[in-house]
There are 2 protein chains.
Amino acid sequence: MSMGPKQAILAEFAGVARALGHAHRLELLEHLGQGERGVDALAARVGLSLANASQHLQQLRRAGLVANRRDGKFIYYRLADDGVTDLLTALRRQSERNLAEVDRIRRGYFADRDSFEPVSREDLLERVASGLVTVLDVRPQDEFGQGHLPGAVNIPLGELQDRLAELDPDSEVIAYCRGAYCVFAFEAVAALRAQGRPARRLVDGFPEWKAAGLPVATSF
Amino acid sequence: MSMGPKQAILAEFAGVARALGHAHRLELLEHLGQGERGVDALAARVGLSLANASQHLQQLRRAGLVANRRDGKFIYYRLADDGVTDLLTALRRQSERNLAEVDRIRRGYFADRDSFEPVSREDLLERVASGLVTVLDVRPQDEFGQGHLPGAVNIPLGELQDRLAELDPDSEVIAYCRGAYCVFAFEAVAALRAQGRPARRLVDGFPEWKAAGLPVATSF
DNA sequence: ACTTCAATCAATAGATTACTTGATTGTAAA
DNA sequence: TTTACAATCAAGTAATCTATTGATTGAAGT
């Protein structure tokens with residue numbers, strides 16, 4: 001069991017990597033990227049039992065990827081810092097580069113939805129500055145409230161059909177949601193274009209925006 | 001067993017993360033960062049049985065992190081691309097930020113060795129341009145041959161005491177080796193300073209240099 | 001053909017991980 | 001105190017992962 005200094009350090013790194021090595025934990029991290037949440041809410045959104053979610057969250061905590069605080073009866077988890085989002089982005093980059101599998105899945109499910117070029121963060125900033133676009137946040141209201149792009153309008157995807165009137169029909173809509181693999185933004189763009197309205201999606205989501213150090217607004 | 005598109009993609013990402021989730025595999029990747037190597041050589045350096053090393057390497061290959069080619073009886077592995085080094089760097093960054101454990105280990109083993117400020121890549125380039133320093137590569141000769149910093153002198157750590165005459169006693173030495181956790185560079189700096197010679201170490205190693213897109217020289 | 005040797009494959013035992021169930025802890029309110 | 005509830009803990013089973021052993025494949029050389 002004796003280990004050199006290097007082996008000991010590499011074992012620590014490996015521990016962090018292993019904490020990322022489960023789809024459920026990655027999904028928990030994706031949700032935590034939106035903002036602080038209680039265990040129960042997380043479990044419900046990811047579709048895990050409470051005990052199971054709690055255990056996954058504790059693993060993430062042991063790896064230093066998330067932190068938590070108690071408020072009354074509730075325990076709220078959050079990402080340990082913005083570096084976590086960077087690590088997740090690096091993981092996604094490398095995975096996409098080499099895994100034909102990812103591409104195959106994307107093509108299969110997201111089909112033509114991807115055919116309209118996504119908008120980069122820089123493009124979005126430019127267009128917002130010149131007042132040409134409406135930025136649309138299609139996440140649920142509570143996630144919007146915890147943090148969103150400045151000037152964004154919040155219409156959760158399920159309400160989009162009923163609230164089309166709230167969107168200026170003459171300006172292009174740029175939709176975003178949780179991240180690069182969140183389907184909400186795809187769906188929103190498809191729905192808007194079906195109405196003959198110009199719409200595109202932001203290339204990734206809120207956590208990446210925040211991690212890039214760009215301004216964030218909150219409500220409530 | 002049915003999975004949405006997101007779950008399927010996250011499962012792929014998790015697979016890549018799990019491939020990084022073992023100290024032996026991280027060490028294999030560190031060695032592969034120096035350049036292409038045969039299975040036997042890797043197994044010997046990391047201290048694994050041949051079969052075990054082979055299986056770890058295949059796991060890395062399945063995750064798309066390394067590639068291999070056959071040449072006669074030998075099979076040579078290499079990093080799939082420079083992005084792998086970036087991902088490893090991101091993993092190290094995040095791990096260091098949050099794990100007191102890493103710091104504790106570092107302090108315990110590397111002690112005062114760290115007390116002389118390491119040199120950044122930019123600093124090194126500047127000093128080389130003005131001819132003020134000797135760049136010293138203390139890795140084994142074969143690793144040096146596969147790629148090294150331009151203008152670097154190769155004296156493996158074990159031979160340093162006997163070959164001090166080869167180093168200009170008036171110019172500062174900047175030593176480097178495999179990476180941020182390779183002890184060779186620490187040892188070399190300690191040995192040189194014990195002789196009263198000015199010496200510091202590069203903040204990280206050859207793979208990071210190469211991944212940063214800086215020029216690389218080869219011999220043989 | 002036969003031998004040699006690098007590397008992989010196959011099978012196994014032991015360790016670790018994931019998820020469930022039911023009990024326990026900690027806080028707030030009745 | 002008692003009750004209620006969020007979250008954790010504990011225990012057990014099924015599944016997965018690691019490392020060893022010995023057999024097998026593939027490319028050279030005799």
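Analyst: Let's begin at the DNA: a polar side-chain atom of A:Ser54 lies 2.3 Å from a phosphate oxygen of DNA strand D. Before going on, note that this is a predicted model, where local features need pLDDT of at least 70, side-chain atom pairs count only at pLDDT 80 or more, and totals for chains, interfaces and linings use all residues. Residues are numbered from 1 along each chain as its sequence is written, chains are lettered from A and ligands numbered from 1 in the order in which they are written, and side-chain values use heavy atoms, leaving out hydrogens and water.

User: How many residues surround DNA strand D?

Analyst: A residue is near a strand if one of its heavy atoms lies within 4 Å of it. Here 25 residues surround DNA strand D, and A:Asp40, A:Ser54, A:Gln58, A:Tyr77 and B:His56 are the closest.

User: Which side chains does B:Arg178 meet in a polar contact?

Analyst: Within protein, a polar contact is a pair of N or O atoms within 3.5 Å, one able to donate a hydrogen and the other to accept it; residues adjacent in sequence count only if both atoms are side-chain atoms. The side chains of B:Arg178 and B:Glu143 are joined by one of 2.9 Å.

User: Is B:Arg178 buried or exposed?

Analyst: Relative accessible area (1.4 Å probe, protein chains only) decides: under 20% is buried, over 50% exposed, and in between partly exposed. B:Arg178 has 7% relative accessibility, so this residue counts as buried.

User: How many residues of chain A are in contact with chain B?

Analyst: Contact means heavy atoms within 4.5 Å. By that rule, 47 residues of chain A are in contact with 47 residues of chain B. Buried area is the accessible area (1.4 Å probe) that two parts lose on being put together, summed over both. Chains A and B bury about 4,100 Å² between them, with 72% of it on carbon and sulfur atoms. In chain A, A:Lys6, A:Ile9 and A:Phe13 lose the most area to chain B, together 15% of what that side buries.

User: And how many salt bridges are there between the two chains?

Analyst: A salt bridge is a side-chain nitrogen of Lys or Arg within 4 Å of a carboxyl oxygen of Asp or Glu. The count between chain A and chain B is two. B:Arg97 and A:Asp81 meet in a salt bridge at 3.7 Å, N to O.
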